[in-house]
Amino acid sequence: MSHMSTVPSALPRPTPISSPKEIPGTGNATTSERPKDELVLENQLLKSRSPYMAMVVDGMAESMSIALAKKHNRVLFVSIGYSACHWCHVMERESFENEEIARILNDNFIPIKVDREERPDIDRIYMNFVQATTGSGGWPLNVFLTPDLEPVFGGTYWAGPNAVGSTKDSLGFMEVLEKIVQTWKEQQAKFLASAKDILPRLKEFTDEGLQGTGGGPEEPLELDLLEEACQQFASRYDSVHGGFGLPPKFPVPVKLGFLLRLGSFPMTVKDIVGERECESAKSMVVTTLKKMAKGGIHDHIGNGFARYSVTADWSLPHFEKMLYDNAQLLSVYIDAWLVTEDPELLETAIDVADYLCDDNLRNPDGGFFSSEGADSLYRKTDTEKREGAFYVWTRREFDVILGAQESSVCARYWNVHREGNVNPEDDAHDEFIHQNVLSIVTPPDQLSQMYGMSVDRVKRVIRDARKKLSDHRNSERPKPNIDDKIVTSWNGLAIGALSRASMILEAVNKDVAKKCRDGAIKAAAFIKMHLYDDKIGTLKRVYREGLGDTPGFADDYAYMISALITLYEATFQASYLRWADELQKKQIELFWDKHVGGFFSTQEDATDMILRLKDGLDSQEPSTNGVSAENLFRLSTIFGDQDYGQYARRTCSAFSAEILEHPSMFSSLMASIIASNLGTRSIILVGKETDPELTEQLNRIRSRLLTNTSVIWLRPEEKGEDAKWLLARNIVFNETIQKFGKDGRPVVQVCEGTTCLNAFDLSDLDRVLENIS
């Protein structure tokens, strides 16, 4: 959704879209010659740190103030997007760089540009409006508002005067502008009345998390919801290509993660859902992950995944690569390998880990950048960017770069044809003529039979070809732009994923495990140094060439808390748990709904918002409240803190009305609904860091996909302040560590909050783990 406003001084202002050229309507008059009340739009884009804002510095003119809209009685035009967005670039070229459109905008509107990654709060409000009024949404998101910020009309991409291909026949942006200008001039009262009528309906449409029972007695939602959620997923499952629903297809890792873990929850869950249904859920996930790994959505030369696929079979992506997608997919592929031991899934997990840890998305000081763009120049001598230019290949290029035999083998392997492999119906701008998006269609064992080679030789040919193609791509083609904003929430997702990967990969690839662990540690250190104010305990949203002004939103806190708990389990450094505890208390202070429960996305004192919303539905990212509820349950059982458990239960209850109707849309809350009914556990290990027996037992714990279970390792030799703090945070820890002191032998104990099983010998650990899972 989009929202715009003269953002309060505490927030970074949505940047006006302005032109550095002479602003239409001002002539050559100097400032002193202009009438006092004449509206002069000032270019603010060049002042912004956002790479997305820099896209349009040659386009529209903008002012920053809602006060100006009211004073001069103008409609606000708000355009929301992000740097890696292909269609945002298309609209920029077709419309925002067009002088006639710039003149209309600057003469009749207050135009404002918003980076959705920096201001998700603004984006969400107006995305809800566009989805409610048009039935769909996306970016660029364009909305017309009254001076009181009330939306009247909106949409996504509108074709500009310079549109080409199939889009030139769609609704034109010029037509939209002219109609809005005419309506505002001739029927302004009707325009304003329409806005007043829309706002209450928009509030009703966005009342997610405001109608639940979180303010009353905590009656947990029943586990039968899991069965219904599973059935809803099964009804939308694409049994041919994997994934859910019709194209465009998104990976939605949070949903895959829920389905994959369904059979690993306590036996009660399996009894309710059904053993066959749990196996079917796992099969849906594994099939989807394998189809994606073979498809064009996966970069087979440079690693990582694109944001989504235009086609049902994952063959043609929109080529932007997002940090949040790849971070979540790493976790899902790791967990999928854990429950299947399928080497194909492990190989893909390592591929994504390499992508995250390599230099493309890494700030040298440790933080992770936001994304890689979809558009770039095909050759260094080209002047116009094309979608996917960095990633596509012609058969002739294969012949020249690889040689005849390698080209033939690899063309069959990756589905490369001389006429190209992109359906013209999917090529809106005729950018993929004779081009090929690589997808694996012929496995090495079939190629072995076709070419009379051993399978090992075929694999060697493919491996060598991948290196040659990578070298050519990196040396001859300009890379897509990097959006080098460092977003706190997305870094949280990456830190958590790398931390988890480091734990699981330790048993099979220590080098990659170390790279993941080091990457997570450096990123956490970056966030703490640059985006955290330790004096008041608050986070900021973004960093780019310095600290941004935007305060952290609820998702920044949620994702970072989750990441720090997981990073603790990867390192057993108590400082991470201590920081997570501090952030959790601050998140409750700033965002908690005292009446219904759950977390608002924005702080109570945000003055530029027409609505204060809650995030419960999962999208391409897990919902803030889903992650927060799970964090609270994890911290509750680690610290034996009953208050945290109560907050978690109330968070689930706040969304009860919506969950009962559409449980599959709340996948990230399902683990917490299970925890509300069946509790959560912690496994406490006590012993020296160098104890080989304890290390072996830890590896056995990590070899299982344990759900709603945390692991704590108390090391008696650690005497620092953070270690002392941890022992004082839960009375069970002191009691357990005293048992170790009696004979110096390692101790293991399983607890739920402050209630524990009797300490037992490590030889019984397998039996206990079996009972837990």
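The lining of the second largest cavity in this predicted model splits into nine nonpolar, three polar and three charged residues. That cavity holds about 120 Å³. The whole structure contains three cavities of 30 Å³ or more.

**Second largest cavity**
- Its lining counts 15 residues.
- Nearest the centre of this cavity are G296, H298, D299, F319 and Y391.

**Largest cavity**
- The largest cavity has a volume of about 1100 Å³.
- Its lining takes in 46 residues, with R261, R500, S562, E630 and R634 nearest the centre.
- By class, 22 of the lining residues are nonpolar, 16 polar and eight charged.
- Helix α17 gives the most to this lining, with seven residues.
- Other elements that supply at least two residues include α8 (253–261), α19 (554–571), α21 (624–639) and strand β18 (709–714).

**Second largest pocket**
- Of its 19 lining residues, E344, E347, Y413, I440 and R466 come closest to the centre.
- Helices α10 (275–294), α12 (343–357) and α16 (455–476) each give two or more residues to the lining.
- The biggest share comes from α12, with six residues.
- Eight charged residues line this pocket, alongside seven nonpolar and four polar ones.

**Surroundings of S95**
- S95 sits in helix α2, which spans residues 86–96.
- S95 has a relative accessible area of 0%, so it counts as buried.
- Beyond its neighbours up to four places away in sequence, S95 touches I101, W158, A159, G160, P161 and F173.

Note on methods. Residues are numbered from 1 along each chain as its sequence is written. This is a predicted model: local features need pLDDT of at least 70, side-chain atom pairs count only at pLDDT 80 or more; totals for chains, interfaces and linings use all residues. Side-chain values use heavy atoms; hydrogens and water are left out. Helices (H or I, at least four residues) and strands (E, at least two) are DSSP runs, numbered from the N terminus. Buried means under 20% relative accessible area, exposed over 50%, partly exposed in between (1.4 Å probe, protein chains only). Contact means heavy atoms within 4.5 Å. On a 1 Å grid over the protein atoms alone, a cavity is a set of points where a 1.4 Å probe fits but cannot get out, and a pocket is an open set with protein on both sides within 12 Å along at least five of seven lines; lining residues have an atom within 4 Å of a point. Ala, Val, Leu, Ile, Met, Phe, Trp, Tyr, Cys and Pro count as nonpolar, Asp, Glu, Lys and Arg as charged, and the others, Gly among them, as polar. Grid points are joined across faces, edges and corners, and a volume is the space filled by probe spheres set on the points.
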